Each structure stands twice: as C-alpha cells, then as structure tokens.
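This report goes through one protein model, part by part. Please keep the sequence and the 3D view open while reading.

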Amino acid sequence: MIYRSQVFRVLVLAVFMTCSATMLSQQALVLDSLSLEPIPYANLEYGTNQGSVSNQDGIIFTPKDFKDYKLSHVGYQTRKLTATQLKDTLYLKALAYNLDEVVLHNFNAKDSILKAFENIPKNFLSQPFNQEGIFRYSLKKDGKGVEMIETDFLSYKASLEEETKTKISEVKKTEKYEPLNLLSGVAEFLNIMDPSIKNAPVLEKLKTMNFSYAGRIENDEEEIYKIDISGEEEKDSANGHIFLNKNQLAIKEIKVEYLRNELPELTRKEPNYTTRVASFIKFNTDKNSKQFLSYAEITNDKTALFKNDSIYHFEMKGKIAFNKLIQGKNVKKFKSNYNSKKAFNKTVAKFKQKQQWTNSEMLPMTTEELEILKDIYGN
C-alpha cells in the first residue's frame, strides 16, 4: 500500500501544477509483479517508432488511441497489450539471472565490452533521422530546489559519427538561479551521452574500467549478458553495469556512477569540485534492428565555495526522453537554433513559453521534481 500512497501524492501535487484530469487519465503505474515495487525506465512502444518511458516512480504515459502496445524492460518479461489492457496499474514479471559456470570461466567481460564498442557503427542507425523529445534540467542547493528548465525539441542526426543538432520549439522555466550558469544545452547533453559519435565521451572513461560477468537472462527471445562495472583509483571509484545483447554484442543499457573518494580543500583558485557523476542510458531499435538513443540521464553533484566564504552542495540533473523516431523522406535537416556558447539557462528565455510543465506525455514528473517546483514556488 505504501507505493499506491506515493502515487496518490504525486497525483495530488500534479493537480497543484495545473495538470488536467484528462492528462492524468493517460498515465499508468508499472510495478514488479512480486515485490510490487515501481519499475523505472520501462518502455511502452506503440504506433510507428513511438513510445514512452516510465519515470523513477514507475509512472508512464499511456495514450489510448493505438491498437497494440509492447511493454518491456531489461530484466523483465515483455508484455504485448491491447488498448483495453492498458489499466491504471501494469505488472511485469522479473526474469531470473543464470550465472552459468561455463560462461563465468570462459567469458572475457572486458573483451566483450570493447567489442561491443567496436560494433556500434554496425549496430546503430547510420542514415539521417529526427527524434521528437523532451529535455528537463533541475538544480538543487543543499537539498532544496532552486531552478528547473524543460524544453520540447526536435533532434537531427545526419550520420553515425556526426553530432546531433536540436531545434527547440517551446520552453518552460523557473527564474534563473543567478549564481550558477548551465553551460550545456540539450544538444550538448545529447552529444555527451551519445556513444555513436566519434571519440564519444561516454565511452572513453568506460574503456579504463574493470568489467566482470554478472549473469545471463533471456528476454523476448533474446539472450542478454549483464556486465558489472568497477573501478578504483587513488581519488576516484566507479560502479555500475552494462547490458549486452549476446548475439550482436549490442549495448542495450549503460548505468555507471563515478565517485570522488578524496575531497580536496576548496580555495579561491579551486572554488568547486565534482563529488559524483551518475549516468544512465537506454537504447531502442527500429524495425531493422538498428539502435538509437531512447533515454538518457546524468546527475552531477558539486560542492562550491562562494565569495562570502559560504560552501554549498549542488545537485544538477539533466534527462532526455524521446517519444518518436522519424526516418526516410520525412527527415528534416537543420542546425541547432540556439547559441551553445551562451549559458543555456539564459538563452532559452527567447523561446515560446509553455503554459504548464509536462506531466503526461513523454516524461511524467517524478515526486522529486514536483518537490523541486514546490520549493521554488513556495507552496
């Protein structure tokens, strides 16, 4: 019952944020069928290359105007649903991990990961494509929300190794938190998280990590390896996992957290440092089994010394969710329509402002995000 009460709280706060009852009716809660715990980052596919993803509270957008749906998550049995089966609560059954001793002793996790990185040109979309998506940035200072930005956008990727361009259509934002500038916008965020671009930042540090085989699962007629990530240096440590398709050695999901173990003293010359960076990336496939980025999230924890000798702890979080892939003759070519050299939380002020925050389509608000808005608006 605790999880249902949490969802009720989310819905009450959502009403506070002026979301309509119609929008809320197109949401569902995705739960583990045994533990009844919410399942974050589940995918609901519908239509032609369209879909939504559940947030950290397990809440997912469920449009009712399609015939067939597919609900999936790495580690759970995939479910095929009709419109009448889209209930307020959707359950997924967890799959058992098989720690095969033969595989355990003969499987070289590091080689498999590096091979998967080499396979990216073969496994990922190489033809031009667009994606419709939403970008949400939030900032907390000492645990309290101080800023949030949300942008609806269209992306354009011309070829495999080229960087993504984005065209922002609408923006919803709180007042800028003046002491800090957001240097990376939606396109820059995408290019940090995209493993298909040349010298992809997200892969370079991973190549230096240690990897170990953690088990095998069978999901929707495919075998998937789980590879654990670890790393320990003098000042830093890392942990996480990567899911790989066994046959194609294609990356399905990356989750990694880098922690700073040794914290230096803050000085005027070095007034801030990063204490933690956590990244999460999911990939989907088109009808030809070519991969593309479907969801990405990064959290950056910083400690900063200000001129008045005050020390503050900041948590900056950015996330992107895509709900539609556009291919072929319908692809639109363009350049990013904002100046990436300026602080993003300043340059977005020029765009058309949305009437309300998105709490339904593409990316439902989490309890944490609604609390951030509550902190900012003072209600």
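Predicted model: local features only at pLDDT ≥ 70, side-chain atom pairs only at ≥ 80, totals over all residues.

Which residue stands opposite Ala 238 in β13? The residue is Gly 231.

## Strand β13 and its partners

Strand β13 covers residues 236-245. It pairs with strand β12 (residues 222-232) in the antiparallel sense, over nine bridges. With β14, strand β13 also pairs in the antiparallel sense, again over nine bridges. In this second pairing, Ile 242 stands opposite Ile 254 in β14.

β13 and β14 form a hairpin, and five residues lie between the two strands. Leu 249 is in the turn and has a positive phi of about 45°. Strand β13 is mostly covered, as seven of its 10 residues are buried. In a regular strand, the side chains alternate between the two faces of the sheet.

## The nonpolar cores

In soluble globular proteins, nonpolar side chains tend to be buried together. The largest nonpolar core here has 57 residues. The members that touch the most other members are Leu 206, Ile 227, Ile 242, Leu 244 and Ile 251. Helix α6 (residues 186-193) gives the most to this core, with five residues. Apart from this core lies another one, of 15 residues, among them Tyr 46, Phe 61, Tyr 69 and Leu 90.

What does Ile 242 touch, not counting residues up to four places away in sequence? Its contacts are Ile 113, Leu 206, Phe 211, Tyr 225, Lys 226, Ile 227, Ile 229, Ile 251, Glu 253 and Ile 254.

## Helix α6

Why is α6 described as largely enclosed by the rest of the structure? Six of its eight residues are buried, so the helix is largely enclosed. The buried residues are Val 186, Ala 187, Phe 189, Leu 190, Asn 191 and Met 193.

Val 30 is found in strand β1 (residues 27-32). Its relative accessible area is 0%, so Val 30 is buried. Leaving aside neighbours within four places in sequence, Val 30 is in contact with Glu 37, Pro 38, Ile 39, Ala 42, Ser 54, Gly 58, Ile 60, Leu 71, Leu 90 and Leu 92. Among these, Leu 90 is a member of the core of 15 residues. Val 30 and Asp 57 are 27 residues apart along the chain, and their C-alpha atoms are separated by 8.6 Å.

Ser 279 is found in strand β15. This serine has a relative accessible area of 10% and counts as buried, because the cut-off is under 20%. Residues up to four places away in sequence aside, Ser 279 touches Met 193, Ile 254, Lys 255, Val 256, Glu 297 and Ile 298. Of these, Met 193 is one of the buried residues of α6.

Rolling a probe the size of a water molecule over the atoms shows where empty space is left. The largest pocket has a volume of about 1000 Å³. It is lined by 45 residues, and those nearest its centre are Glu 45, Lys 70, Asn 284, Thr 285 and Asp 286. Elements that give two or more residues to this lining include β2 (43-46), β5 (68-72), β14 (251-260) and β15 (272-285). By class, the lining has 12 nonpolar, 22 polar and 11 charged residues.

The second largest pocket holds about 630 Å³ of space. Of the 24 residues that line this pocket, Leu 182, Leu 183, Asn 300, Lys 302 and Met 316 are the closest to its centre. Strand β16 gives the most to the lining, with six residues. The lining divides into 16 nonpolar, six polar and two charged residues.

## Two loop residues with positive phi

Asp 142 has a positive phi of about 50° although it is not a glycine. It is found in the loop between β8 and β9 (144-157). At 42% relative accessibility, Asp 142 counts as partly exposed.

Is Asn 199 buried or exposed? At 59% relative accessibility, Asn 199 counts as exposed. Its place is in the loop between α6 and α7 (201-204). Asn 199 is not a glycine either, and has a positive phi of about 55°.

Conventions
Residues numbered from 1 in each chain as written. Heavy atoms only, no water. Core = buried A, V, L, I, M, F, W, Y, C linked by side-chain atoms within 4.5 Å. Buried < 20%, exposed > 50% of the residue type's maximum accessible area, 1.4 Å probe, protein only. Helix = DSSP H or I, 4+ residues; strand = E, 2+ residues; numbered from the N terminus. Contact = heavy atoms within 4.5 Å. 1 Å grid on protein atoms, 1.4 Å probe; cavity = no way out; pocket = protein on both sides within 12 Å on 5 of 7 lines; lining within 4 Å. Points joined across faces, edges and corners; volume = space filled by probe spheres on them. Nonpolar A, V, L, I, M, F, W, Y, C, P; charged D, E, K, R; others polar. Pairing = 2+ DSSP bridges.
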